[in-house]
Amino acid sequence: MKEQLNSLRAKGISELNALNNADQLPEWYHRYLGRKGELTSLLKQLGTLSAEERPVMGKVINEFKQELQVSFEQRQQTLRENKLNQELEIDDLDVTLPGRPCTTGHLHLTTQTLRRIYQIFQEMGFQVYEAPEVETDEYNFQLLNIPEYHPARDMWDTFWVDDEVVLRTHTSPGQIWAMREYAPEPIRVILPGKCYRYEQITPRSEHQFYQVEGLTIGKNIRLTDLIGVMSEFAHKMYGAERKVRIRGSYFPFTEPSIEIDMSCSCEENGCRLCKYTGWLEVAGAGMVHPVVLRNGGYDPDEWSGFAFGMGVERPALLKHSINDIRYFYGNDLRFLQQF
Ligand code: FA5
């Protein structure tokens, strides 16, 4: 058995030293030190020895096992170091090179525009009020004086969740939420939020966009107050040189109703964005309809108010001379990084 052991040692160590790749190590380990390896089969033969020889040979085999184990670990270490050195040579890694700079992110143009709008209206005494993004038919239409089957529903191409629930098509239902919370006190709020419409995507229209609604309720509020607030907003947002145009319009929840246009950044030369008219509609507005005042809990004989609903992306288009609203949701960093 001693001879067997000596030849196994010589063979094991020479094979171990001949390995030149760390991937070959597990196979060597199984062959010599594994549960079914050559050393284990030698240990199994101990039972055939006499009682005096058995402890002596057992000790020799254990010492041999430890020797193989240590040799294995040393070889493993050497091969791993060789492999690392080879990789470093091949990769030609220069650890002294400076790292690539990380660019810091910034607010999306829509958020920047929203914050500027908040700031301007805050300076005029408006508070921000948030209303739900998923609405009922009742709030999105009926309480705004748009009953079922009313032809004015065609003004808003609607995403229906079910027969009763819609993704809000405008921020105007927030008027009812605010009135029902504040009645019978005066109100001066803006209601920002995302709106959804099942409509054709074009350079000026998205199916998902932001609006900021404004609502003022008080005694003796007039249309001239609305025009004053909108003109102040336009001049603070775009500068005094930008022209504002007021047109008569129709909304079921305001009477009278108007629409507010801004002169386009193409400076009346005409472009796709303004459909070559030189003007872009940015808001609908008007005096709150008596039916809506009543639905909100205010007596129309005593109270009056104005409301407006403006887009957010369209004012940003005008401010930065961008000619297509689709860039806002395209997530193209070459566009976003410019702002
Ligand atoms: C309304 O949504 C009314 N609720 C506005 C209103 C509020 C009137 C209060 C009276 C009183 P309109 O559909 O015109 O109106 O939309 C208002 C503004 O939202 C538009 O002027 C435009 O700036 C923006 N807007 C509307 N549709 C889109 C769209 N598809 N993509 C981008 N912006 C849009």
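Where is E164 placed? In this structure, which is a predicted model, E164 sits in the loop between α6 (137-140) and β3 (165-167). That residue belongs to a negative surface patch, formed together with E138, E148, D162 and D163.

For context, most residues other than glycine have a negative phi, and most peptide bonds are trans. The bond from A183 to P184 is cis, with omega near 0°, and P184 is located in the loop between α7 (173-182) and β4 (187-196). The bond from E255 to P256 is likewise cis, with omega near -5°; P256, however, is found in strand β7, which spans residues 254-263.

Let me turn to the ligand. Which residues are closest to the ligand? They are S172, R197, E199, E206 and E281, out of 26 residues that surround the ligand. Several polar distances may be of use to those who wish to inspect the site. In the side chain of S172, an N or O atom is 2.8 Å from a nitrogen atom of the ligand. H170 places a polar side-chain atom 2.9 Å from a ligand nitrogen. On the backbone side, a polar atom of A283 is 3.3 Å from an oxygen atom of the ligand.

Finally, I come to charge pairing. Side chains of opposite charge can pair when their charged atoms come close. With a cut-off of 4 Å between side-chain nitrogen and carboxyl oxygen, the count comes to 13 salt bridges. One of them is formed by the side chains of K219 and E302, at 3.2 Å from N to O. What does this pair link? The two residues join distant parts of the chain, 83 residues apart. K219 is in the loop between β5 (208-218) and α8 (223-238), whereas E302 is in the loop between α9 (290-296) and β9 (304-311).

Methods. Residues are numbered from 1 along each chain as its sequence is written. This is a predicted model: local features need pLDDT of at least 70, side-chain atom pairs count only at pLDDT 80 or more; totals for chains, interfaces and linings use all residues. Side-chain values use heavy atoms; hydrogens and water are left out. Patches are made of residues with over 30% relative accessible area and no salt bridge: like charges are joined within 9 Å, nonpolar side chains (Val, Leu, Ile, Met, Phe, Trp, Tyr) within 5 Å. Accessible areas come from the Shrake-Rupley method with a 1.4 Å probe; for residues, only the protein chains shown count as cover. Lys and Arg count as positive and Asp and Glu as negative; His and the chain ends are not counted. The place of a charge is taken as NZ of Lys, CZ of Arg, CG of Asp or CD of Glu. Helices (H or I, at least four residues) and strands (E, at least two) are DSSP runs, numbered from the N terminus. A residue is near a molecule or strand if one of its heavy atoms lies within 4 Å of it. A polar contact is a pair of N or O atoms within 3.5 Å; within protein, one must be able to donate a hydrogen and the other to accept it, and residues adjacent in sequence count only if both atoms are side-chain atoms.
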